[in-house]
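Q: Could you walk me through the salt bridges and the surface of this model? I'd like the cut-offs as we go.

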Amino acid sequence: MRSFKERLAHMSLFELGGLVIVTPLASAISGHGLGEIGILAAGLATIAMLWNLVWNWFFDRLVPTRQRTIGQRFAQAMGFELGLLLGTLPIVAWWLNIGLIEAFWLDAGFMLFFLCYAMIFNSLFDRVMQRRLAKQASKAQQATKAQQAMREA
């Protein structure tokens with residue numbers, strides 16, 4: 001359903017927006033320095049981007065439409081966040097030199113944030129893409145009509 005170029009734009013914009021919001025927030029909440037959190041966040045964002053490609057490709061096959069219900073949006077976002085949580089929990093604990101339980105609660109808080117962020121971001125992204133695709137289709141239709149008119153003349 002989505003082209004590779006569209007997936008790349010979606011993933012990059014999502015992660016960039018998330019990093020801008022979450023890095024200072026994580027630094028303030030955890031008491032770790034902005035640089036330490038920034039490096040961790042960049043590493044986690046890289047993992048998240050790869051997981052984003054895999055998860056959203058799978059989810060698009062499972063639910064092949066751009067007009068998803070709130071329940072489908074929730075399932076998409078929750079599946080992504082749970083997969084990411086399981087994959088990154090040991091990394092967070094190791095990097096911040098904290099226990100798995102503390103890392104879990106920190107990750108769980110951010111999972112809740114990103115769950116909401118993902119639902120909002122994905123809905124907005126799909127609306128923008130629907131408009132772009134509709135404009136492209138309209139332009140293509142106009143071009144076809146113009147070509148037909150030229151042939152008839």
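A: To begin, Asp126 and Arg73 are both buried, where buried means under 20% relative accessible area, exposed over 50% and partly exposed in between, with a 1.4 Å probe and protein chains only. The model is a predicted one, in which local features need pLDDT of at least 70 and side-chain atom pairs count only at pLDDT 80 or more, while totals for chains, interfaces and linings use all residues. Residues are numbered from 1 along each chain as its sequence is written, and side-chain values use heavy atoms, with hydrogens and water left out.

Q: What does Asp126 form with Arg73?
A: Asp126 and Arg73 form a salt bridge whose closest N and O atoms are 2.3 Å apart; the term stands for a side-chain nitrogen of Lys or Arg within 4 Å of a carboxyl oxygen of Asp or Glu. This pair links distant parts of the chain, with Asp126 in helix H4 (residues 100-152) and Arg73 in helix H3, 53 residues apart. Helices here are DSSP runs of H or I with at least four residues, strands are runs of E with at least two, and both are numbered from the N terminus.

Q: And how many salt bridges does the structure hold?
A: The structure holds 3 of them.

Q: Which residues are linked in a network?
A: Salt bridges link Arg7, Asp60 and Arg68 in a network. Asp60 pairs with Arg7, the closest N and O atoms lying 3.0 Å apart, and because Asp60 lies in helix H2 and Arg7 in helix H1, the pair ties together parts that are 53 residues apart in sequence. Asp60 also pairs with Arg68, where the closest N and O atoms are 2.7 Å apart.

Q: Is Asp60 buried or exposed?
A: Asp60 is buried, with a relative accessible area of 2%, and Arg68 also counts as buried at 10% relative accessibility.

Q: What do the buried residues of H2 pack against?
A: The buried residues of H2, among them Leu44, Trp55 and Phe59, pack against helix H1 (4-30) and helix H3 (70-96), contact being heavy atoms within 4.5 Å.

Q: Switching to Ser12, what does its side chain reach?
A: The Ser12 side chain reaches the backbone oxygen of Leu8 at 2.9 Å. Ser12 lies in helix H1 and is partly exposed, with a relative accessible area of 34%.

Q: Where does Val20 lie?
A: Val20 lies in helix H1 and is exposed, with a relative accessible area of 59%.

Key
A polar contact is a pair of N or O atoms within 3.5 Å; within protein, one must be able to donate a hydrogen and the other to accept it, and residues adjacent in sequence count only if both atoms are side-chain atoms.
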